[in-house]
Amino acid sequence: MDRITDTKEVSEALTARSTVTSVDELARRGRKHVKVIRASDIATMITETVYEVVHEAAVLNEQDVEQLVLRSRAELGSVLAARQAEAASRHDLEVELEQLRTALADRQSRISELEESLADARRDPGPVDPHAAEMMHHMVREMAEIKASMAQRTVQQQIEPGTTENIDAALDKIASNLDQRLDQFGLKMGISNAVETQDVKFDTLFADDEQAMLESNIDDVELKKNTGAGIAGNLERLKKLKGDE
Amino acid sequence: MHTNNKSHTHTHVSSGSMAQDTVEVALGKGLDIGTANLAAAVQNDEEGITVTMERNAFLEIGNDVYSKSMLTKLTVPYVMHNGELVVLGESAFELANVFDRETRRPMKDGLISPAEVHAMPMLKLIISKVLGEPREQGEAVCFSVPAESLDVDNNIVYHQGLFEGMLNQMGYTGKAINEAHAVVFSELAHQDFTGIGLSFGGGMANACVSYKTIPCLSFSVARGGDWIDSNVANVLGVKSSRATYIKERGVDIRDPKNREEEAITIYYRNLISYTLENIKSRFEAGQNMPMFHEPIEIACAGGTSMVGGFIEVFREEFAKIDFPIPVRRIFHAEDAMQSVAKGCLVAAAIGD
């Protein structure tokens, strides 16, 4: 055991514990000036300090000093492992935080789009689009999901609580306006559609024809008929493709 | 061979024999609702198909006892509507040419004509006649609808809903299928329904890219036989019905014989070129396009493709453009007029 080896080990431990960051990143965090010291210098200081402390302890003989150094090294190793695990966990959390920030930015952008759409719809409602009610229904559902997601993340302390308050207020406002709009369409949130916008039946367009009973000789007329090749081959192929065989 | 589980028993009496053969004929009908023609296809008891066709047109003539009596004797189909005597179908077209008049058309550019909202009873009568009565309540009918156009602002929502309602009221269960997709069902079975189906109709040209029956891309351009007729009529100074008559009596667009046929040829080439350019640009911009590992085939059908030399001119125009999909073969449907109806029948018979 010698000071050079010990110093080298401490230096490696310091290096393992450190993180790499760029000058730009530091500047972004508001750090304009930093104090710099070499890891090797720190390692040397620590080693010398340990040796001096141990040396000045007159009650310890050389064997005891070695034992003390060994115990110190073991303890330093376990502390280092703990610090490394902590650093890895911190890194994972930072990555997740960045992802959540991105998702938050996307949600905010989506909210802006919804607000714009609502403003446009107010300015020029236009004819009622049979699919517009469905779309609005979907939009309100989507905003409810955004809101729930925000609340969950606030609880998990992944987002500053104050950030969600404004978003919640915006979502509430939009949802309220969309509800009013849906009322105009005859739909209610949470209640099955009063009017089915799909599957509109056109049968009644021809209902009057039954009473009309047009005078015609068309039943007595033969229309031109042609024959053609059968469709058995087509059906056979279709069945094969669909895996019926 | 009949796939649909539902079938209709047809009794066939052999000549010179008292024996009766009972043949199972599968239910399901195909209906081509075209701007120019209506065609209904049904499987017959000789393992083939029977296609009933009528022109989608009508003509109002003077209402008097003599006229009605003559029409009845000549078995010319007519209907009394709002006090008017209205001749229907092919006879209307023939009469219009005799009297140098224009027929009235319930459909325009592939869709219900907004100018002929009162033509619904006539259209329903013609459809009812070509389809016949349902052999069973709720019998499936697949009817053709066009795709939305690249070059005009339209949508098929009302058109499709209208015909579904009409067919349901007739006792059928109507289901829509894209017109060009029907061509794929009819003509590309040997390619496992993979390739491009093109339907050149009276109002539109429809295209469908299909991969193993799945329509990956469907669209239309709003130019068809009617566009040719109206332009030819303009340059020749005749009625559109007259231009249609000239076109349909037999023209070869590779070898026009006179001024009228030259006009038809010019507009045909323009139609084909325009359609191909739009198809090409749509394909190049298309999302969800399948990657064809093998060159595909293109099937052309529809009444407008019946003119002499059509497929040859189509191949010529096709060779001029750099098509984004490798094509092995371009062919004309054997029964181009019936292809859409036949494809609709296939869709109805498979029972999806």
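## Architecture of chain A

From the N terminus on, the elements of chain A follow the order α-α-α-α-α-α-α-β-α. The structure is a predicted model. In total, chain A has 8 helices and 1 strand.

Of the 245 residues in chain A, 9% are buried. Where contacts in this chain link residues at least 6 apart in sequence, 76% of them join residues at least 24 apart.

## Contact between chains A and B

Chain A contributes 33 residues to the contact and chain B contributes 44 residues. On the side of chain A that touches chain B, at least two residues each come from α7 (207-212), β1 (224-228) and α8 (232-242) of chain A. The element giving the most to this side is α8(A), with 9 residues. By residue class, the side of chain A that touches chain B comprises 15 nonpolar, 8 polar and 10 charged residues.

Strand pairing also crosses between the chains. β1(A) is joined by 5 bridges to strand β5 (residues 49-55) of chain B, and the two run antiparallel. Within this pairing, Lys224(A) has Met53(B) in β5(B) as its bridge partner.

## An open sheet in chain B

In chain B, 3 strands form an open antiparallel sheet in the order β6-β8-β7. β6 (58-61) and β7 (78-81) of chain B each have a single partner strand and stand at the edges, so one side of each is left without a neighbour in the sheet. On average, neighbouring strands of this sheet are turned by 30 degrees against each other, direction ignored.

Strand β8 (residues 84-88) of chain B is joined to β7(B) by 4 bridges, in an antiparallel arrangement. Here Met80(B) stands opposite Leu85(B) in β8(B). Helix α2 (residues 90-98) of chain B packs on the sheet and touches β6 and β8 of chain B. The direction of this helix makes about 105 degrees with that of β8(B).

## The nonpolar core

The largest nonpolar core has 100 residues, and those with the most contacts inside it are Leu198(B), Cys344(B) and Leu345(B). Helix α10 (residues 339-350) of chain B gives the most to this core, with 9 residues.

Residues up to four places away in sequence being left out, Leu345(B) touches residues of both chains: Ile231(A) on one side, and Gly28(B), Lys29(B), Gly30(B), Ala41(B), Val42(B), Gln43(B) and Ile49(B) on the other.

## Helix α6 of chain B

Helix α6 (residues 225-236) of chain B has 12 residues. From first C-alpha to last, this helix reaches 16 Å, close to the 16 Å expected at 1.5 Å a residue. After α6(B) comes Gly237(B), with a positive phi near 75 degrees.

The buried residues of α6(B) are Gly225(B), Asp226(B), Trp227(B), Ile228(B), Asp229(B) and Val232(B). These buried residues pack against α7 (240-248) and α8 (259-285) of chain B.

## The setting of Asp109(B)

Asp109(B) lies in the loop between β9 (107-108) and β10 (111-112) of chain B. Asp109(B) counts as buried because it has 21 C-beta neighbours inside 10 Å, the cut-off for burial being 20 or more.

Apart from neighbours within four places in sequence, Asp109(B) is in contact with Thr35(B), Gly203(B), Met204(B) and Ala222(B). Asp109(B) and Asp226(B) are separated by 117 residues in sequence, while their C-alpha atoms are 7.9 Å apart in space. Asp226(B) is itself among the buried residues of α6(B).

Definitions and conventions:
Residues are numbered from 1 along each chain as its sequence is written. Chains are lettered from A and ligands numbered from 1 in the order in which they are written. This is a predicted model: local features need pLDDT of at least 70, side-chain atom pairs count only at pLDDT 80 or more; totals for chains, interfaces and linings use all residues. Two residues are in contact if their C-beta atoms, placed from the backbone, lie within 7 Å. Ala, Val, Leu, Ile, Met, Phe, Trp, Tyr, Cys and Pro count as nonpolar, Asp, Glu, Lys and Arg as charged, and the others, Gly among them, as polar. Two strands pair if DSSP finds at least two bridges between them. The expected span of a helix is 1.5 Å times one less than its number of residues. A residue is buried if 20 or more other C-beta atoms lie within 10 Å of its own, exposed if 12 or fewer, and partly exposed in between; C-beta atoms are placed from the backbone. Axes are lines fitted to C-alpha atoms, for helices over the stretch in contact, and angles run from 0 to 180 degrees between N-to-C directions. A nonpolar core is a set of buried Ala, Val, Leu, Ile, Met, Phe, Trp, Tyr and Cys residues joined through C-beta atoms within 7 Å.
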